[in-house]
Amino acid sequence: MQFSFDLDTKGYLKKRESANLEYKQNFQKGDNILKYLKTLVGMSNNKGGMIMFGIQDSPHIPLGMANNKFQEVDPKEIDTRLRDYFAPVVKWHTDIIEKDFGDGVIKSFGFLIVEESEEKPVVCKKSKDNFLREGAIYYRYRGESKEIEYPELKSLLDKEREKERILWIKHIQKIALVGPRQINILDRYNGEISYGDKRVLIDKSLIDQLNFIQEGHFTEKEGEGIPTLKLIGTIDGLINAEDSVIDTNAVYPLTTKELQEQLGINSYQMQAVIYALDLKNKPKRHTEIKHGEKSNPIHKYSQSCADVIKGIFDKQGKESFITECTDKYKQLQAAKPKKKRKKK
């Protein structure tokens with residue numbers, strides 16, 4: 001990572017503490033870790049941020065850390081406490097920067113960095129003395145982490161509701177695209193995968209950390225030992241392979257000929273409709289399948305493609321719409337340069 005050590009004429013850092021930055025002189029263990037976590041959680045409920053160690057407090061002079069406690073602390077200890085006291089889990093990591101300010105002395109600066117939480121609010125699960133309260137939602141304000149106030153809480157909850165609404169829309173769109181009979185559900189809450197009227201149970205200890213890998217492809221970092229559910233064998237039909245694995249024929253069951261027959265039109269009219277609606281550039285309606293590098297592609301269409309076109313027929317009138325499409329297609333053909341025949 002990079003940090004701008006922008007100093008004024010007195011050697012003080014110009015950058016002040018803010019909603020995403022807090023300075024500390026040295027890293028301390030014990031209950032101090034919980035105090036750091038309170039700040040990090042407050043930042044995660046806002047936009048994310050970091051705690052920087054090695055900075056003198058008031059004025060903010062970059063002295064460097066005076067001990068090796070930051071380098072020596074086990075990240076597992078921090079992560080265990082974070083999981084014990086707060087939920088849902090937040091993403092965080094550490095970093096160290098070494099800096100020479102021109103005097104030949106290398107100074108070390110430690111960072112605890114947290115991302116903005118994907119699921120808000122992150123809530124305190126249990127109390128600790130007088131600085132953590134069970135049920136509290138901590139929020140990072142400018143230079144201060146404290147329990148969230150009404151305006152920020154309302155804004156946070158409104159944004160979460162909007163995210164939930166958009167997520168439902170995306171799920172419904174995917175189900176409509178694939179078809180409800182082709183959908184299987186991974187229930188991370190109960191630890192099971194539904195498959196028709198059957199269920200596959202998953203060990204509860206894996207649920208929070210579950211990753212999927214395909215045999216021969218690895219996503220975990222060396223030494224982290226992330227539990228995985230391995231997909232053994234070959235799976236055909238990858239669509240948006242980064243986030244889904246489904247059968248191509250299930251999503252795009254219709255050939256051009258079959259789509260034409262469903263619509264009750266001839267082959268020329270079918271090509272005209274494909275051109276007018278630009279179907280070949282709409283991934284939700286169309287895909288290409290090749291069986292070899294030199295083979296011609298097979299064009300396949302979703303059932304929803306046929307349904308949409310039938311809906312247009314009903315709305316605009318089939319003959320009127322077909323005429324409109326063929327007129328556009330004729331204009332395209334007329335605009336194409338004619339190939340000259342080779343003289344024998």
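Modeller: Phe3, Phe5, Phe101, Phe109 and Phe111 are joined into a cluster by ring pairs. The model is a predicted one. Searching the whole structure gives 14 aromatic pairs. One of them is between Tyr268 and Tyr329, whose ring centres are 5.4 Å apart, with 65° between the planes. That angle makes the pair edge-to-face, because planes over 60 degrees apart count as such. Tyr268 belongs to helix 8 (residues 267–276) and Tyr329 to helix 10 (residues 318–335), so this contact ties together parts that are 61 residues apart in sequence. Tyr268 is partly exposed, at a relative accessible area of 38%, whereas Tyr329 is buried, at 14%.

Rings also take part in contacts with charged side chains. The charged end of Lys126 sits over the ring of Tyr85, 4.8 Å from the ring centre. Phe131 has the charged end of Lys35 over its ring, and here the distance to the centre is 5.6 Å.

Helix 1 is mostly covered, with 11 of its 13 residues buried. Among the buried residues are Ile33, Leu34, Tyr36, Leu37 and Lys38; further along, Thr39, Leu40, Val41, Gly42, Met43 and Ser44 are buried as well.

Notes: Residues numbered from 1 in each chain as written. Predicted model: local features only at pLDDT ≥ 70, side-chain atom pairs only at ≥ 80, totals over all residues. Heavy atoms only, no water. Phe/Tyr/Trp six-rings, centres within 6.5 Å; stacked < 30°, edge-to-face > 60°. Helix = DSSP H or I, 4+ residues; strand = E, 2+ residues; numbered from the N terminus. Buried < 20%, exposed > 50% of the residue type's maximum accessible area, 1.4 Å probe, protein only. Lys NZ or Arg CZ within 6 Å of the ring centre and 35° of its normal.
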